[in-house]
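The report below takes up side-chain geometry.

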Amino acid sequence: MADVEAESSTQPEAMEEENPLFSNLDLFLFTLIAGLIIYWFMSRKKAEPIPEFKKLNQPAPSTQETSFIEKMKKTGRNIVVFYGSQTGTGEEFANRLSKDAQRYGMKGMAADPEEYDMSELSRLAEIGNSLAIFCMATYGEGDPTDNAQDFYDWLQETDGQLNGVNYTVFALGNKTYEHYNAMGAYVDKRLEELGAKRVFDLGMGDDDGNLEEDFVTWREQFWPAMCEHFGVEASGEDSSVRQYELKEHNDINMNKVYTGELGRLKSFETQKPPFDAKNPFLAPVTVNRKLNKAGDRHLMHLEVDITGSKIRYESGDHVAVYPTNDTVIVNKLGQILGVDLDSVISLNNLDEESNKKHPFPCPTTYRTALTHYLDIIHPPRTNVLYELAQYATDPKDQENMRKMASSAPEGKALYQSFVLEDNRNILAILEDLPSLRPPIDHLCELMPRLQARYYSIASSSKVHPNSIHICAVVVEYTTKTGRLTKGVATTWLKNKLVADNGHKSTVPMYIRKSQFRLPFKASNPVIMVGPGTGIAPFMGFIQERGWLKEQGKEVGETDYLYQEELEEAEKAGVITKLNVAFSRDQEQKVYVQHLLRTNKEDLWRQIHTDNAHIYICGDARNMARDVQTAFYEIAEELGGMTRTQATDYIKKLMTKGRYSQDVWS
């Protein structure tokens, strides 16, 4: 408007008297600009409530009950079994316990604590003869599983009273780890502190021994104790109770049938970020090479492309991949059970109130279920044998299958030898028990879900922002029964050729964050101990330290597998000391703990004087323990400490984040 006013002010005075204050042009321009300002202001105001979009992806409150108390009251249940589960075993045990309740005139429900408001636990006393059971797995360094994290946080923060709440806990863990069953023990102790009543002792399941046996033994002592506590009797009815009913789809639009997707239908055809456990990214394989030049093992290095996925990772993180089962085994199962594997089916939960409508994505085919969704390779647990026993036509087979599911010494021994030691999967059991031919839908109902496999990432995003590297040994061995058994994931990865008949091979994957991190200060020395494939995360560390050095940063001391890369890093000065132990390829075995003792003076200087960070990656059962012992001995000898003091010294390093482990058993 300033320009228009200036223009009109140049007109003669006579003209000004004759013309109106604003010309038509003035009014037109004024109206136009005012309209644009109002439109801009209104559209800006409307754009602010965009967070509403997020609500579209969340379940509507009416479709999923977040109050487990109201749900229990509505459905007449008095037992709730919560599970903290990372690999599905805790969830499986919870389902078994909730089904058991029926035999005792009670009604149970398995519940994921992530789906419910756990602060309502104090209201459980409103339900007569009620009980909360917790099947809690420990994950990582004594941490809760992902789905139990909020529950754990609530337990730590709450000061609410749980008077009148009856509970018991079964913990799932592994003795080879530092914090054995820490989560289960914490829940058990904390609930008591809050005033809840422990009605049965904490159960301790050890996956390094026989987790199934630990659970069966605890469970068989638990239920009689509950009968006594609540004054009820077992119905004596041990017959199988189906949880799902079969629906066959004879005329269905195949676009509505799941073909391996984990969440959204057709998510593998139209990929949309963010990518996670329910929505993995299909990453093309760009490199697949064998690393070792000698020996009978196949050690592979894979690279997958994450360009355009918006996936971010850091050195030390894990990549989770979803493998598929061997088609040969899937086809054999179809043949032995005499079914058309391409039949389209749904397994629908008989409990309409359950949040879990299907055991796996439905509708789908038996072939897809057995290939993508079900674990058919691991030896089946005793409850599977117990439930399938009714279909054996030979009374002896039926008796033995039921016996294996009991806690009787003879039954335990039979399960240990016939199933575990002989490593029989479900196909081997069907082959060796010709009278056992169960309906395939019941078999599919009972088999656990096929889980993602986690690998330490062997690259740095600073050097490879669009690529993730994996290092793994292909698992292959012959069982006592003469059957060749192949690792599900490593065999599947091995066969992921870069180009397969003109098509790029892809791997469904997502990233799981880790606490296994390089020190914040690059000048801190790092000591990396990683025999075998334990070297994987250290390749990422070495690449990152190399990148920092190229940026001109001061990089601290960095104390044969990736032979070329390690030798190049040593030449470049990224690795200041490369100590290699060849435990397989020579007569005189040399292990990493031997090298630690050989270099003890230099290591102690770095740890005690230079604030070095120690990283251990690999086998938890033997190596990690032996390495820790070697560090105790170094602290004793060179630090003048007793064993107790040395142990405390290393424990303090762990607390400060200077002694980190990424181990597996």
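A charge sits over a ring if NZ of Lys or CZ of Arg is within 6 Å of the ring centre and within 35 degrees of the ring normal. By that rule the charged end of Arg 512 sits over the ring of Tyr 454, 3.5 Å from its centre, and Arg 424 lies over the face of Phe 418, at 3.9 Å from the ring centre. This is a predicted model, in which local features need pLDDT of at least 70 and side-chain atom pairs count only at pLDDT 80 or more, while totals for chains, interfaces and linings use all residues. Residues are numbered from 1 along each chain as its sequence is written, and side-chain values use heavy atoms, with hydrogens and water left out.

The structure holds 25 aromatic pairs, where rings of Phe, Tyr and Trp (its six-membered ring) pair if their centres lie within 6.5 Å, planes under 30 degrees apart counting as stacked, over 60 as edge-to-face and the rest as tilted. Two of these pairs are tabulated here.

| Pair | Centre distance | Plane angle and class |
|---|---|---|
| Phe 93 and Phe 170 | 6.0 Å | 65 degrees, edge-to-face |
| Phe 170 and Phe 215 | 5.3 Å | 75 degrees, edge-to-face |

Phe 93 and Phe 170 are both buried, that is, under 20% relative accessible area, with exposed meaning over 50% and partly exposed in between (1.4 Å probe, protein chains only).

A disulfide is a pair of cysteine sulfur atoms within 2.5 Å, and the count is 0. The sulfur of Cys 471 is 9.5 Å from the closest cysteine sulfur, in Cys 617, too far for a bond.
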